Amino acid sequence: MSPREAAGPEGIHRALVRTIGRSVAADRVVVVRRSVDARKRPVRVNLGVRIYGDDENLMPDRPVFTYRDVRSADPVVVVGAGPAGLFAALRLVELGLKPVVIDRGKPVKARRRDVAALNRRGVLDSESNYAFGEGGAGTFSDGKLYTRSRKRGDHRRVLHRFHQHGADGHILTDAHPHIGSNRLPEIVSAMRASIEAHGGEIHFQQKVVGLSVSGGRATGVILIDGHRIEGRAVVLATGHSARDVYEMLMDKKIGLEAKPFAMGVRVEHPQKLIDWIQYHGQPRGEFLPASAYSLAHQVDGRGVYSFCMCPGGFIVPASTQEDALVVNGMSFSKRNSPYANAGIVVEVRLADIPRLDASGPLAGLNYQRAMEQTASGNGGGGVIAPAQRLADFVNNRPSNGLPACSYPPGVMASPLHRWLPDPICKRLQAAFKAFDSKMKGFLTNDAVVVGVETRTSSPVRIPRDPQTLQHVSVRGLFPCGEGAGYAGGIVSCAVDGELAAEAVVRYIAHR
């Protein structure tokens with residue numbers, strides 16, 4: 001259909017009549033799939049619709065979530081209130097166990113104030129920021145709900161659970177659904193309310209510094225104030241930025257593994273330019289969304305690819321410590337910023353990590369940290385980020401000035417080509433040239449690269465048994481989500497959290 005025709009029920013009904021040759025009652029038609037096809041002109045919108053008979057129940061396959069009263073049930077400690085932790089907690093309530101969620105950060109309302117202070121004044125709270133706090137890193141990162149990882153669990157349950165807690169119904173039909181950073185806080189708060197209303201607990205500003213282990217079993221956690229929280233099992237869902245958790249596990253001699261990850265930069269273009277490229281030189285108009293892109297290229301045996309593309313979005317400071325600078329991207333639900341940004345990152349394999357043998361499982365984390373500290377030293381102080389015009393970066397030229405940039409704290413011209421690690425810099429430069437051949441006009445000095453994008457995924461894996469999902473050497477410890485190295489992105493983390501909760505139930509039943 002044309003974008004205009006697909007924008008409203010009248011146009012959809014006319015197209016449906018043309019397709020099946022007869023009229024259908026509007027209330028018996030449900031759109032189940034929507035995607036934009038911009039591969040060629042004219043741009044079209046593809047819809048999948050389901051027509052129900054008069055005696056059929058609409059959407060009969062929608063999952064039903066039944067939460068139990070778990071006030072007197074066995075407690076299970078859940079460390080982290082990001083997607084993996086929240087969805088683990090909700091699933092535990094469904095299955096009749098009491099989640100006791102511990103999070104180092106603040107509730108989302110207070111967290112928003114800290115994020116605003118970081119954006120406006122560069123004031124970083126190391127425990128409440130874009131990475132830490134209620135909802136985890138996903139709360140302020142556009143809320144993309146697309147995943148390629150669909151074999152591990154039912155991703156539809158995740159979408160429906162988000163919808164149950166206030167997300168717009170379009171997430172159930174869009175090919176690449178997203179919620180928006182402006183909507184996610186209220187949805188996360190609604191999830192917390194569901195957990196607490198049925199007897200679960202959530203404790204904020206409580207930092208876990210130790211693990212209670214007895215007889216080879218995890219029995220709880222130790223907080224920074226010395227208090228112990230006991231439970232029948234521990235779900236570890238701490239996210240990829242909780243580096244002190246990895247160090248705590250190392251100190252306890254609880255096994256960890258270094259794993260591949262990726263690092264690079266954020267690139268930002270005017271959204272109008274990306275629209276012009278993706279919509280074949282035609283105006284976007286009012287019926288098409290801000291256009292996105294997905295790019296990948298192999299350079300010298302390593303993948304270079306776009307990550308967390310944010311059409312109509314902003315670059316944001318994702319640092320968690322004063323002397324290390326990290327950037328990420330986000331969009332509001334309307335995606336109406338004049339900028340488009342994406343992480344462009346280079347695959348880092350174990351063989352690429354400096355001092356792998358000497359640093360062991362934390363070698364990748366140390367490499368990640370060193371790049372962030374280098375970026376901080378080459379920025380403008382605090383969270384003012386180093387930046388360079390894109391064509392200047394590719395051609396090894398310093399930038400004398402910078403285009404307008406969405407990054408709230410501000411950017412400072414810096415020759416990224418001189419201080420980025422050579423294996424990453426050279427591959428980025430080659431990939432940007434290749435991307436321009438796929439999207440003519442992509443390589444331009446109207447675009448800017450901002451450093452650095454390092455937290456695409458965890459550089460550490462917490463090994464677990466593939467059947468029981470327990471740590472390979474500590475029974476009752478269930479590492480899950482992005483921080484454990486088993487997921488990436490909101491949906492896959494949520495799925496992994498639900499699987500961990502189900503594994504906890506099996507573990508307790510057999511004890």
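Predicted model: local features only at pLDDT ≥ 70, side-chain atom pairs only at ≥ 80, totals over all residues.
Residues are numbered from 1 along each chain as its sequence is written, and side-chain values use heavy atoms, without hydrogens or water.

Let's start with α5 (residues 155-164) and α14 (residues 490-509), whose axes come within 9 Å and cross at roughly 105°. That's why the two helices, α5 and α14, are roughly perpendicular to each other. On the α5 side, the contact (heavy atoms within 4.5 Å) uses H155, R157, V158, R161 and F162, while α14 brings I490, V491, A494, V495 and E498.

Now zoom in on V491, which sits in helix α14. Its relative accessibility is 2%, so V491 counts as buried (under 20% relative accessible area, with exposed over 50% and partly exposed in between, using a 1.4 Å probe and protein chains only). Leaving out residues up to four places away in sequence, V491 touches L145, Y146, T147, H155 and V158.

What about the nonpolar cores, meaning buried Ala, Val, Leu, Ile, Met, Phe, Trp, Tyr and Cys residues joined through side-chain atoms within 4.5 Å? The largest has 59 residues, and Y293, F393, L420, L428, F432 and F442 have the most contacts inside it. Helix α13 (residues 422-438) gives the most to this core, six residues. A second, separate core has 48 residues, including V70, L86, M191 and A237.

Terms used:
Helix = DSSP H or I, 4+ residues; strand = E, 2+ residues; numbered from the N terminus. Axes fitted to C-alpha atoms, helices over the stretch in contact; angles between N-to-C directions. Parallel < 35°, antiparallel > 145°, perpendicular 65-115°, else oblique.
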